[in-house]
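Me: I'd like to learn how to read aromatic pairs and their surroundings in a model. Could you walk me through this one?

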Amino acid sequence: MTVRRPLTALLTALLLATTACSGSQDSSAGPTAEPTEPEPTTPEPTPEPTTPEPTTPEPTTPEPTTPEPGGADPVVREVPVEQWEEMVAAGMWREGCPATREDLRRVEINHVDFDGGIARGVLVVNADVADSVVRVFTRLFEEGFPIRRMRPVEEYDGDNNASMADDNTAAYNCRRPDQINAPEDESPHANGRAIDINPLENPWMDLRCDCWSPSAEFAERTEGRGKVLEGGLVWRTFTDEGWIWQNIDVPDYMHFDTGYPSEPFAPRR
């Protein structure tokens, strides 16, 4: 016998079956994430170009070689190009000056300073007196004669007065027109055949001002440290080589040269 269900019951059964099917789907994954646009990036700023700080150029005149302890350790060499350029720039050589770079030599030698220490000195002299200069200053070193300082005059911008005021022992300088006291071609200093020793302790009488230069403090010829006295150590050392002391008509205690007007030199030895 066939049992017929009422229409209402059949519809209810269908509705329940549909709900059950939809509820069986996996909901654990959760909602699907919406795609996101990437955040825009801010470009790094381009660094501003930097200008390097200006640097002060080092002096181009070569430093003297390191002294060997216990001896005068003389070195004679040609005047380096960079030193010659400084000499020309300082006005120590110009048209009409007799000695050229090829005529001159750079003498480096130890000396005893006023504190009793050993210092390295530099003199620029004519090539024909270089060996004689080495012998003279080697003897002064060995005898302990003090020299305040011994630097080439371009370090004083070619200014002879500034060099003397600093008690600087120096040689070559074709002096500027307002400081020259002899024609360039005859001048021992302009030819590299003259040396001024400790100018403060051994001043000269400058007739242009009728005064002692660089100072009258040590003008009196009495015994004293660093002084040049007739018959003394420095006087004997130079004159033994054929040099002449204060070869001028006024007192010039600092000055030795090989003759005036200056000519090629042949030492007595």
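Reply: Rings of Phe, Tyr and Trp count as a pair if their centres lie within 6.5 Å, and planes under 30 degrees apart make the pair stacked. Keep in mind that this is a predicted model. The structure holds 7 aromatic pairs.

Me: Why does the pair of Trp212 and Tyr253 count as stacked?

Reply: Look at the angle between the planes: it is 20 degrees, with the ring centres 5.7 Å apart, so Trp212 and Tyr253 are stacked. The pair also joins distant parts of the chain, 41 residues apart. Trp212 sits in strand E6, while Tyr253 is in the loop between strand E7 and strand E8.

Me: How far apart are the ring centres of Phe238 and Phe256?

Reply: They are 4.1 Å apart, and with the planes at 10 degrees this pair is stacked too. Here helix H5, which carries Phe238, is linked to strand E8, which carries Phe256, across 18 residues. Both of these Phe residues are buried.

Me: What about charges over rings? Which Arg lies over the face of Tyr253?

Reply: For Arg, you check where CZ sits relative to the ring centre and the ring normal. Arg221 lies over the face of Tyr253, 4.3 Å from the ring centre. Over at Phe114, Arg148 covers the face at 3.9 Å from the centre.

Me: Let's zoom out. How many helices and strands does the chain have?

Reply: There are 5 helices and 8 strands, in the order α-β-α-β-β-α-α-β-β-β-α-β-β along the sequence. Of the chain's 269 residues, 41% count as buried. Take the contacts between residues at least 6 apart in sequence: 61% of them join residues at least 24 apart. As for the surface, the chain exposes about 15,900 Å², with carbon and sulfur atoms supplying 53% of it.

Notes: Residues numbered from 1 in each chain as written. Predicted model: local features only at pLDDT ≥ 70, side-chain atom pairs only at ≥ 80, totals over all residues. Heavy atoms only, no water. Phe/Tyr/Trp six-rings, centres within 6.5 Å; stacked < 30°, edge-to-face > 60°. Helix = DSSP H or I, 4+ residues; strand = E, 2+ residues; numbered from the N terminus. Buried < 20%, exposed > 50% of the residue type's maximum accessible area, 1.4 Å probe, protein only. Lys NZ or Arg CZ within 6 Å of the ring centre and 35° of its normal. Contact = heavy atoms within 4.5 Å. Areas by Shrake-Rupley, 256 points an atom, 1.4 Å probe, with all protein chains shown as cover.
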